[in-house]
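Keep the viewer open and follow the topics one by one.

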Amino acid sequence: MSPQPTRRTRLPALLGRGPQGVFRRTLPSEQPAGERMVRTLGLTQLTMIGIGAIIGAGIFSLAAAVARDTAGPAVLISFLVAGAASLCAAFAYAEFAGMVPKAGSSYTYTAAVLGEIVGWIVGWDLLLEYTAIVAVVAIGMSGYLGFLLDAVGLHLPTWALGAPGTGTGHKIDLLAVVICLGVAWLLTRGTRTSARVETVLTVVKIAIVLVVIVVGFTKLNTENLTPFAPFGLGGAFTGAATVFFAVFGYDALSTAAEESVEARNKLPKAMMLSLAISMVLYVLACIVLTGIQHYSELDPDSGISSAFASVGLNGLANVIALGAVIGIVTVTFSFMMGASRLWYALSRDGLMPTWFGAIHPKRKVPHRATWLIGIVSAVLAGLLPIHAVAELTNIGVLLAFVVVSAAVLILRYRKPHLKRGFRCPGMPFVPILGMVFSVWLMSFLRWETWARLGAWLAVGLLIYAVYGYRRTRKVMPGDSVDLDALDAMSDSDEPEDEPDAAAVPAR
């Protein structure tokens, strides 16, 4: 008869990497053929989803708000600093995407390298952040849609114009609520259909941004660019912490790994392409925005449209407002897709109830998770002001960036021989720089934002202790996985009726 474990022996086991340890390394197993998502996304569609996630409220709404209240024309520096931090993290994400062709993004990566509980914390964190991002961009969209409606003589009642506290008589941001629910409906139509719509809308958005840049440079008044940093460099750096959510999106893209054709090769390329294209457009758009109208006169709700209207280009201002609505819809699409795929991954691995991650039998998408994300984001968008939600998204994503950068650094030296579709350059300096940048940007956020994050993580740990810890050991029993198993993971386009991949010899 084996001796009963004592408290002294249970604690090391609980904190270890063994079968009962919270730091055991986990990798998702293949799902049965009827419960898998379908690989349909190629490089072009993946890149468009990435650009769709990055360019949106940052150009059309948040840039004007930060320029007016925080940075002045030095909002350009805000975007460059945020972009530099984002690039360091993007390299880390790209290396992981080239190794782990599975849905879940940061959650899946960190659970495989740093352990189950770290992966859960990151996944639970991002579930809130992605949902909040959807709400932020929907709020930004409503300002431009209101601009368009006013231009054609349609006026919403006062109670429907914004969240409580954003104006006299405001009760709910009705337009933001409608866009959240509408995008949820689109995503439940199926990946192929929704991705086609996303690609078309992203192309239209890029075309309108290019028109803004070309025409804007003909109206540039360099006097508006002085003083360049009226709030000092500190204002520019504070602005970087606020606009940071506008320069990522590739992390949400990585949640689509199980819907990507040749994910190891194409996901890293799509991440790099989408970030590079987006940063060029951001820099040029910031120059135009603060160059055609003085920063103190910018409209935080419809910044670029109002700036063009101020120089007599009312017709183009309406076109820009239409582009902003389209652009923000694509951001909402990308992050709601990311949130629902993350929820699917957490449910698949037993950390949350299986009901949430159920795949629609016909459309092959996690329809329940998508509708729940749509409803929660609609509530946030309808009832909270944009700045409160934006800061909440930033701190959570920055935390994920710190963890992913650390994980890619550890894995490079622990398992240098693993097959990688992309290798983060400048090891170990780039991941370390990504961590430093992210922590530094987090330090500029208000204490209330830190308190909200702490409360959310405390709830997550409670759920893990009560439900996830036991359930995941039934779904994924056993010891820590051997990370060499990453090389055997398939990223090919698999037919739906193919036998369970677990029964097929690894290639």
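**Loops, cis prolines and a helix pair**

Let's begin with Glu262, which sits in the loop between α10 (250-253) and α11 (263-292). Please keep in mind that this is a predicted model.

- The phi angle of Glu262 is near 50°, which is a positive value in a residue other than glycine.

**Two cis peptide bonds**

- The bond that leads from Thr226 to Pro227 is cis, and its omega is near -5°.
- Pro227 belongs to the loop between α8 (191-218) and α9 (232-243).
- A cis peptide bond also runs from Met427 to Pro428, here with omega near 0°.
- For Pro428, the place to look is the loop between α15 and α16.

- Lys419 is located in the loop between α15 (386-414) and α16 (429-442).
- With a relative accessible area of 42%, Lys419 is partly exposed.
- Once neighbours within four places in sequence are set aside, Lys419 is in contact with Gly98, Met99, Arg264 and Asp487.

**The α13 and α14 pair**

- Two packed helices are described by the angle between their axes and the distance between those axes.
- For helix α13 (residues 314-348) and helix α14 (residues 367-383), the axes come within 9 Å and cross at roughly 125°.
- α13 and α14 are therefore oblique to each other, since an angle has to be over 145 degrees to count as roughly antiparallel and 65 to 115 to count as roughly perpendicular.
- The crossing of α13 and α14 is right-handed.
- Which residues make the contact? On the α13 side they are Met336, Ala339, Ser340, Arg341 and Trp343, and these meet Ala369, Thr370, Leu372, Ile373, Gly374 and Ser377 in α14.
- By type, the residues of this contact between α13 and α14 divide into 6 nonpolar, 4 polar and 1 charged.

Notes
Residues are numbered from 1 along each chain as its sequence is written. This is a predicted model: local features need pLDDT of at least 70, side-chain atom pairs count only at pLDDT 80 or more; totals for chains, interfaces and linings use all residues. Side-chain values use heavy atoms; hydrogens and water are left out. Axes are lines fitted to C-alpha atoms, for helices over the stretch in contact, and angles run from 0 to 180 degrees between N-to-C directions. Helices (H or I, at least four residues) and strands (E, at least two) are DSSP runs, numbered from the N terminus. Angles under 35 degrees count as roughly parallel, over 145 as roughly antiparallel, 65 to 115 as roughly perpendicular and the rest as oblique. A crossing is left-handed if the near helix is turned anticlockwise from the far one by less than a right angle, and right-handed if clockwise. Contact means heavy atoms within 4.5 Å. Ala, Val, Leu, Ile, Met, Phe, Trp, Tyr, Cys and Pro count as nonpolar, Asp, Glu, Lys and Arg as charged, and the others, Gly among them, as polar. Buried means under 20% relative accessible area, exposed over 50%, partly exposed in between (1.4 Å probe, protein chains only).
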